[in-house]
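Let me put the sequence and the model up, and then we'll walk through it together.

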Amino acid sequence: MRLRPRDRPHHARARRPARAAGPVVCVLAAVGAAGAASAAMATSGAPARPAPTAATAQTGSPVATVVVHDPVDTAGGFDLTRVQVGRASDGRMRAALTLAAPWRMRDLPADDGPPGSLCLRMWTVTKGEAVFPDRLLCITADARARHMRGAIFVERGGTLERVASAGLARSSDRTVVARFSQSAIGRPVRVRFAGEATPPGCPRAACIDTAPNAPAVATLTLRST
């Protein structure tokens, strides 16, 4: 997707941390550019147990949309302030991820280290204390920041495999919207989810922002059981 060229806001680019080392590097290489942030979180030892949050729809009835609001809490980096997940009018899934500051495609590629990304962690079949989301939507840009890409990954054997694409659109200078089929995530009864924003060059969980804050998740019920 091509965006109109504009000057990059100085507050959208985070400072580059040190290079990744050890096991994180291996996981990042296996997963690729998309999903790198979730891999870093899973290997960092940070809490990852999905837990209820006040933004979660806890009833068993289908819910059209669930919205998570998150305060500004990540200085100098990508900071998620709103995550909306629901069903679009055509039956597809719709996810909208909003950052605190305006951003452009050129803010995603990294001069060094893994690229920046906006992702949606999804737990559709795993239960209890699952560390790794079994589905992941990730939005990245190519190295020259000419095209933005959305992809759905499935967790298999501790790694992520790409299974589908997602259509992308910008609804504002802070928000990107992704649409993808329910079949891409296995047509689950409900989806537990959390947004994830990773600045370029981020090799560890400390520079990843989540909404709601980990280990909390929100729940979208798609159909009655």
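**Starting from one glutamate**

So, Glu155 is partly exposed, because its relative accessible area is 24%; buried here means under 20%, exposed over 50% and partly exposed in between, with a 1.4 Å probe and protein chains only. Glu155 belongs to strand 6, residues 148-156. Helices (H or I, at least four residues) and strands (E, at least two) are DSSP runs, numbered from the N terminus.

Before I go on, some ground rules. This is a predicted model, in which local features need pLDDT of at least 70 and side-chain atom pairs count only at pLDDT 80 or more, while totals for chains, interfaces and linings use all residues. Residues are numbered from 1 along each chain as its sequence is written, and side-chain values use heavy atoms, with hydrogens and water left out.

Back to Glu155. Which residues does Glu155 touch, not counting those up to four places away in sequence? Those are Phe132, Pro133, Asp134 and Leu160, where a contact means heavy atoms within 4.5 Å. Leu136 is 19 residues from Glu155 in sequence, and their C-alpha atoms are 8.1 Å apart.

Now, how far can you trust this? pLDDT is the predictor's confidence in each residue, from 0 to 100. The protein chain has a mean pLDDT of 77, with 69% of its residues at 70 or more. Confidence is lowest in helix 1, residues 23-31, with a mean of 32, and highest in strand 9, residues 175-180, at 98. Residues 1-37 have pLDDT below 50, and that stretch makes 78 contacts in the model beyond near neighbours in sequence. Residues 39-59 also stay under 50, with 56 contacts beyond four places in sequence. Where pLDDT is low, the predicted coordinates should not be read in detail.

Okay, on to strand 10, residues 190-198. Eight of its nine residues are buried. Strands count as paired if DSSP finds at least two bridges between them. Strand 10 pairs antiparallel with strand 4, residues 117-123, over seven bridges, and Arg121 has Ala194 of strand 10 as its bridge partner. Strand 12, residues 218-221, is joined to strand 10 by four bridges, again antiparallel; there Phe193 stands opposite Ala218. Strand 11, residues 209-211, runs antiparallel to strand 10 too, with three bridges.

Thr81 is 114 residues away from Gly195 along the chain, yet the C-alpha atoms are separated by 9.6 Å.

There's also an open sheet of five strands, in the order 1-2-3-9-8, with antiparallel pairing. Its edges are strand 1 (65-69) and strand 8 (167-170), each pairing on one side only. From one strand to the next, the twist averages 15 degrees; axes are lines fitted to C-alpha atoms, for helices over the stretch in contact, and angles run from 0 to 180 degrees between N-to-C directions. Strand 1 pairs antiparallel with strand 2, residues 80-87, over five bridges, and Val66 has Val85 as its partner in strand 2.
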